[in-house]
Amino acid sequence: MLAVVPASDPHLGGLLRHMDRVVLLTSRATATKWAHERLSGLTPELFLIGEEAPLQPPAGARVVRTAKPPLSAIEIQWLGRHLSRTKLGLALGAGGAKGFAHVGAFKVLEGAGYVFDYVAGSSIGSILGSGVAMGMSGAELSETAHRLLSREVCGPYFRLTGGTPEDPGHQLFYRALSQLAAGRRFEDLPVPLGIMTADLNAKQAYLFRSGSLEDALHAALAIPGLAPPVEREAQRLVDGVTISPVPTAALKDMGADITVSVNLMAREELDRWPEDDPVPKVEKKRSKTLDPMIETLIMLQTDTSVRNAAEADVVISPKFAPSSWRDIHLAGRFEAAGRREASEQLDQLHALASPQNVLKGA
């Protein structure tokens, strides 16, 4: 049962003794007052409305969101998802040029009316995740992907071997990442974002959730073998693909109630692209040049990616014909694969959360 009670109600204290959850829509001053009340052991969830943000949550309370008055339709709908525990999180996985499948999947989810409250990305997923967190539409996300993951901008970087920051290909791609960040901080983004990396010194995953977006993107795309680690105080950060290729678990920690993952490293592989029917299938041959050690690493990454993605409530795992993470020229086919798989998983998402068609800028 949901009871809506004004803070001025003289019977509020008695009512609170019968509640199992309290969400306060209030100013900072009123929140501080109520945080000192005994709420039968409850931890009030604060939706703070006002010009000033709290320096820290009042003792005994938890801030879930801050907004400036008047509340927009987007804020009100977020509150509805929070109350019904249907806030959506989107995890976008690693996979190089196959990241175009993220664009296709997002377009389908957007077209179905879904709004994401949290997003996390690893490697190439951090680029597309940043776009989603900035509030980009599917069309804008596509334009961003085609600009950054183009043969001209990303192609030279993907072809590097033992790259250094002085390599023109490295500089070109990293400048493009800086342009995407455009001086933003995580705190500036309309949608909370997590960017996954791996810390070689600590030998564990490191999730960016605050600070410079540019720094996070540079670290997340420091692909071993193509670029050196990004050094940051006591850390040496690289692409998170080896340890957390699909950062689904991070979404729960960020506050998501329902999670959707997009995994670009499925075990299954198509014999041919559906768009090519009835062209004869591509014969799968073992690479004569791929080192068995590299094959083993790819196998381990695939296994980790599948397991990471499986932690989500809805798993979108596009299926590709034989192809490589470097195949930028297959952008259209990768995007189509993302569209197909996302469309197949819509019914499962519908069973968990209702679409919310929100006009951009409402």
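Start with strands β2 and β3 (residues 62–67): five bridges join them, and the two run parallel. You are looking at a predicted model.

**Stop 1: the strands**

Select Ile49, then Ala67 in β3; the two are bridge partners. Now colour all of β2, residues 45–49. How many of its five residues are buried? Four are, and the strand is mostly covered.

Pick Thr26 and look across to β2. Leu48 stands opposite Thr26.

**Stop 2: Trp78**

Move to helix α3, residues 73–83, and select Trp78 there. Is Trp78 buried or exposed? Its relative accessible area is 2%, which is under the 20% cut-off, so Trp78 counts as buried.

Show what surrounds the side chain. Beyond its neighbours within four places in sequence, Trp78 is in contact with Phe47, Val64, Arg65, Lys87, Asp117 and Tyr118. Keep Asp117 selected. Trp78 and Asp117 are 39 residues apart in sequence, yet their C-alpha atoms are 7.7 Å apart in space.

**Stop 3: two helices**

Finish with helix α5 (residues 124–133) and helix α6 (residues 138–148). Their axes come within 10 Å and cross at roughly 145°. The crossing is right-handed. Which residues make the contact? From α5, select Ile127, Leu128, Gly131 and Val132; from α6, select Leu141, Ala145 and Leu148. Colour this set by residue type: six are nonpolar, one is polar and none is charged.

Methods
Residues are numbered from 1 along each chain as its sequence is written. This is a predicted model: local features need pLDDT of at least 70, side-chain atom pairs count only at pLDDT 80 or more; totals for chains, interfaces and linings use all residues. Side-chain values use heavy atoms; hydrogens and water are left out. Axes are lines fitted to C-alpha atoms, for helices over the stretch in contact, and angles run from 0 to 180 degrees between N-to-C directions. A crossing is left-handed if the near helix is turned anticlockwise from the far one by less than a right angle, and right-handed if clockwise. Contact means heavy atoms within 4.5 Å. Ala, Val, Leu, Ile, Met, Phe, Trp, Tyr, Cys and Pro count as nonpolar, Asp, Glu, Lys and Arg as charged, and the others, Gly among them, as polar. Buried means under 20% relative accessible area, exposed over 50%, partly exposed in between (1.4 Å probe, protein chains only). Two strands pair if DSSP finds at least two bridges between them.
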